[in-house]
Amino acid sequence: MNKKNIILTASTLLSLVCASLFFLNWNLEPLFKQEEPPVTMNDIEQGGTADFTGSTAGADIPRLNGAADFSEILYELDYVTAEPIGIVPTGVYSLKPWVSHYNTRTYRGRTTTGSRRAEVSTSSLDIWGNYNQYYLLELPDHTYILAQVPQAEADAIAKGKGLTLPIGQKVGMTNTARSHLAAVCEKYGADMDGVFYAFDNQWQKEHHSTLFLLRFGAAALLWFVLAVGLTLVGEKIFKIEEV
């Protein structure tokens, strides 16, 4: 292989790595979510069977000061929020509630069911965006609870930015998730009786395909631009060295 081909291959591979990292880590959701008026307790009381999980929390939505507060709320009934002072990623992920448990394929109008998706994953390589990570939220009294919150909020908390989380509810988890989370929960003294869940599942489901395609398109464009740019730079340096 001559030097020109080596430069081309190295530029292509390096660009592919950069584009892949960009694709996996770029969060487009904040660009799509429109500002909405905060939801109050009166809205919830008047809302009947409406689901307010993931909505902007009004000033009168109960705040969780500690794990003891969370232990007292009812599963999938009470609406609460929190203003965490810290966050710990667990590296454990669960299948999003609205994602099909089976891979399906449509060909010539016929849909076939394939392999079953794992309910719980410990891999951060989530190309299709089918999983939500479990976090440990550090509440104002320095106790921890398990939670699943949007990536933008998780990143902001990790950077030390104070914020009020979207409205959430207490939900359960599978025994598989429980077994994977046992060690980290024991380390931080977190109870595994329930998870604070703050995603708007309907919004997530409606925007999933659009977000994926935009991320993929942007990553492909980045790969092409970087590959061409690095190749040109490499050839220029090569020519300079030849002189």
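## A partly exposed valine and the nonpolar patch

Val228 is partly exposed, with a relative accessible area of 37%, where buried means under 20% relative accessible area, exposed over 50%, and partly exposed in between, with a 1.4 Å probe and protein chains only. This residue lies in helix H7; helices (H or I, at least four residues) and strands (E, at least two) are DSSP runs, numbered from the N terminus. The structure is a predicted model, in which local features need pLDDT of at least 70 and side-chain atom pairs count only at pLDDT 80 or more, while totals for chains, interfaces and linings use all residues. Residues are numbered from 1 along each chain as its sequence is written, and side-chain values use heavy atoms, with hydrogens and water left out.

Val228 belongs to a nonpolar surface patch together with Leu13, Leu16, Leu221, Trp223, Phe224, Val225 and Leu232, and the accessible area of the patch comes to about 770 Å². Such patches are made of residues with over 30% relative accessible area and no salt bridge, like charges being joined within 9 Å and nonpolar side chains (Val, Leu, Ile, Met, Phe, Trp, Tyr) within 5 Å; the areas come from the Shrake-Rupley method with a 1.4 Å probe, and for residues only the protein chains shown count as cover. Helix H1 (3-25) and helix H7 (201-242) each supply at least two residues of the patch, and H7 gives the most, with six residues. Helix H7 also holds Val233, which at 45% relative accessibility counts as partly exposed. Val233 and Ile7 are separated by 226 residues in sequence, yet their C-alpha atoms are 9.3 Å apart in space.

## The mixed sheet

Six strands form an open sheet of mixed pairing, in the order E6-E3-E7-E8-E10-E9, with two strands taken as paired if DSSP finds at least two bridges between them. E6 and strand E9 (169-171) stand at the edges with a single partner strand each, so one side of each is left without a neighbour in the sheet. Helix H5 (residues 151-158) packs on the sheet, where it touches strand E3 (86-95) and E7, and its direction makes about 155 degrees with that of E3; contact means heavy atoms within 4.5 Å, and axes are lines fitted to C-alpha atoms, for helices over the stretch in contact, with angles from 0 to 180 degrees between N-to-C directions.

E3 is mostly covered, since eight of its ten residues are buried. This strand is joined to E7 by seven bridges in the antiparallel sense, and Val88 has Leu136 in E7 as its bridge partner. E3 also pairs antiparallel with E6, over two bridges, and here Tyr93 stands opposite Ser121 in E6.

## Strand E8 and its two partners

In E8, five of five residues are buried: Tyr144, Leu146 and Gln148 point one way from the strand, and Ile145 and Ala147 the other way. In a regular strand the side chains alternate between the two faces of the sheet. E7 and strand E8 (residues 144-148) run antiparallel and are joined by four bridges; Glu138 is partnered by Tyr144 in E8, and Tyr135 by Ala147. These two strands form a hairpin with five residues between them, and His142 in the turn has a positive phi of about 70 degrees. With strand E10 (residues 191-197), by contrast, E8 runs parallel, over three bridges, and Gln148 has Tyr197 in E10 as its bridge partner.

Asn130 lies in the loop between strand E6 (120-121) and strand E7 (131-138), and is buried, with a relative accessible area of 8%. Leaving aside neighbours within four places in sequence, Asn130 is in contact with Ser94, Leu95, Lys96, Val99, Arg117 and His208.

The structure holds two salt bridges, each defined as a side-chain nitrogen of Lys or Arg within 4 Å of a carboxyl oxygen of Asp or Glu. In one of them, the side chains of Glu83 and Arg63 meet at 3.4 Å, N to O. Glu83 lies in the loop between strand E2 (81-82) and E3, and Arg63 in strand E1 (residues 63-64), so the pair ties together parts that are 20 residues apart in sequence. Both are partly exposed, Glu83 at 37% and Arg63 at 30%. Arg116 forms a salt bridge with Glu119, with the closest N and O atoms 2.9 Å apart; Arg116 is partly exposed at 46%, as is Glu119 at 26%.
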